Amino acid sequence: MTLPTFPDGPAHTAADRAAWITAAGGLNAAIDADRLSTPVTMPLVEALVLGLMRQGVTKYLAIFGHGSTALADVLAAYEAEGLVRCWQFRNEVEMAHAGTALSWVYGEVGAVVTSIGPGAFQAMAASLAAASNGVGLYHLYGDETTQGEGYNMQQVPKPAQGVFAQITSLMGSAYTLHTPGALRDGLRKGATCVFHPWRPGPFYMNLPLNTQPAPVTLRLDALPDRPVFPALAPAHDHPLRTAADTIESCAKVAIKLGGGSRMAAQSARQLAEAAGALVVTSPGASGVMPADHPQTMCVGGSKGSISGNWVMDEAELLIVIGSRAVCQADCSGIGWPKVRQVININADPIDVQHYNNTIALTGDASIVAGRLAAMLSGGRTDPAKAEWLKAGRAKRAEWDGFLARQTSSPPLYDTVWQRPVMTQPRVIRHAAEFCRQHGALKFFDAGDVQANGFQIVEDQAPFETFTETGASYMGFAVSALLAAGIADKGRYGVAFTGDGSFMMNPQVLIDGVEHGVHGTILLLDNRRMAAISHLQHAQYGRDFRTNDGVAVDYVRLAGAISGVRALSGGEDEASLMAALEEARSWPGLSLVHVPVY
């Protein structure tokens, strides 16, 4: 059957156009068939939905309100035709974290939608997690009109123009659809931010109330597609050859793996083995080198391991792969006291120059590390390098012994609980092993749970664990579970969280049921902000205002939500494992509460 002409202009509705696109086999199919090469007219907000669809963005996480009802009406019409999907939430922070996890964990870029003012501020605050971890997604915020009609309900009460444009621009890449004709430019800038090849991030699109329904005339086939960036590497072998000669001339070689190494795991391992290097990881690079690899020295830095920090103290040549050298690694540039030469592999031309005396190998980490590894003769055959590796194995054994003692500690009497309870390291070790046995994803919330977690977890491949160390946003892990109910193929996961982090976003109990999430919240309850208590003791010899005296029955709290399986993890390993098994067998969302020392 021949399709009629595209339903153009005000005589037709969004529902008419959505039905036409469905009949054409989808937007891209219609464009490929040259059915949308002539200009058409429609409301700007509908053209935005089609522009995002052109980039493969069809999933919307929304809390609609003043400033986004026009978008809601368009999404309703397009969802009725199966062209988009929309999920509602109860809190913008929780929603933004779920959108971050949808992109980070599952590779599905969606759009977070809020109302004007307070809702947008909440989502923008939570977008720190996406910005800090390099995760791309769209944030669509209602905005005040461009007509300067005066103070607007829920907006920033300041007599200035485009205040939210200024705020979002400070947060990252942003664009205001100030006129309908600006759509293509806004979408092009959005695509280059959200799909950036080495530093993607959230893109904030501000939608003024008066421009959303305004007509725009455009060619739909000219809307910016999702960009494809070719992998880059040094054009000549000379810097690689120089780096290879430097590696082969040095006995004590270390590799520091940053978050940018996660997509280059195979090449990073090849380089480590060929260079005879000991490998120090960042919290976000867990599993890039398998935990049981003899050259893996675990985490280094201010929350590092015995073995990782020993390598930092003793190495003489440093190879950095995909690291921004953040605060807990080496932002000062003095964390490797005996290193006199650095080989830095990074796609970013600024981060690659973090250290003095650097051989900068700018480009895709997988390609560059692979090419460099191929130039090396094999470091483990060199006697001096062999001695370095042997010393590293001894330090790793020392660290493993320390961990074994910490994670096998018997229950300890706790003055808060007035009874013996398990230590947090022991709970994390057993729960992480449970996740490994069942192929479950692990999410770690901020605080002492997170710090203990990235020291204890032993991943054999990247992306088995997601720990939001970029912003250390309390409540991220529990919110991230929600992405499993939105993704095309959601996976079972366990959110390791403390009582403080969980209470930042307890509404996940409701939204998790609503969106059909299969996952477990493992709540390690020590009735305090233990990470900050420890920090205060280390710095000033005492803690202050990091705990309270309010007892909460989290099992009863979670059990009050219809559809949530709420369980007690008890005070011993057998009770914990039984609760985790029961939680996993529950087809929906579950919570396991464990009091910890």
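**View 1. A six-stranded open sheet with parallel pairing.** Two strands are said to pair if DSSP finds at least two bridges between them. In this predicted model, six strands form an open sheet whose order is β18-β17-β19-β20-β22-β21, and the pairing is parallel. The edges are taken by β18 (465-467) and β21 (565-568), each of which has a single partner strand, so one side of each is left without a neighbour in the sheet. From one strand to the next, the twist averages 20°. Within this sheet, strand β17 (residues 441-444) and strand β19 (residues 493-498) pair in the parallel sense over four bridges, and lysine 442 stands opposite valine 494 in β19.

View 2. Strand β9 (residues 253-257) runs parallel to strand β10 (residues 278-281), and the two are joined by four bridges; leucine 257 has threonine 281 in β10 as its bridge partner.

**View 3. The contact of helix α6 with helix α8.** The axes of α6 (residues 118-126) and α8 (residues 163-171) come within 11 Å and cross at roughly 10°. Since angles under 35 degrees count as roughly parallel, α6 is roughly parallel to α8. On the α6 side the contact is made by Ala120, Phe121 and Met124, while α8 contributes Phe164, Ile167, Thr168 and Met171. Sorted by class, the contact has six nonpolar residues, one polar residue and no charged residues.

**View 4. The second largest pocket.** This pocket holds about 1,400 Å³ of space. It is lined by 47 residues, of which Asp448, Asn452, Ala530, Ala531 and His534 are the closest to its centre. Among the elements that give two or more residues to the lining are α14 (383-407), β15 (412-414), α15 (424-438) and α20 (530-540), but the largest share, eight residues, comes from α16. The lining divides into 20 nonpolar, 21 polar and six charged residues.

**View 5. The largest cavity.** The count comes to four cavities of 30 Å³ or more, and about 170 Å³ of space lies in the largest cavity. Of its 20 lining residues, Thr281, Ser286, Ala291, Cys298 and Val457 are the closest to the centre. The elements β11 (296-299), α14 and α16 each give two or more residues to this lining, which divides into 11 nonpolar, six polar and three charged residues.

**View 6. The second largest cavity.** The volume of this cavity is about 70 Å³. Its lining includes Trp104, Arg262, Pro283, Gly284, Ala285, Ser286 and Phe463, and the largest share of the lining, three residues, comes from β18. By class, the lining has five nonpolar, four polar and one charged residues.

Key. Residues are numbered from 1 along each chain as its sequence is written. This is a predicted model: local features need pLDDT of at least 70, side-chain atom pairs count only at pLDDT 80 or more; totals for chains, interfaces and linings use all residues. Side-chain values use heavy atoms; hydrogens and water are left out. Axes are lines fitted to C-alpha atoms, for helices over the stretch in contact, and angles run from 0 to 180 degrees between N-to-C directions. Angles under 35 degrees count as roughly parallel, over 145 as roughly antiparallel, 65 to 115 as roughly perpendicular and the rest as oblique. Contact means heavy atoms within 4.5 Å. Ala, Val, Leu, Ile, Met, Phe, Trp, Tyr, Cys and Pro count as nonpolar, Asp, Glu, Lys and Arg as charged, and the others, Gly among them, as polar. On a 1 Å grid over the protein atoms alone, a cavity is a set of points where a 1.4 Å probe fits but cannot get out, and a pocket is an open set with protein on both sides within 12 Å along at least five of seven lines; lining residues have an atom within 4 Å of a point. Grid points are joined across faces, edges and corners, and a volume is the space filled by probe spheres set on the points.
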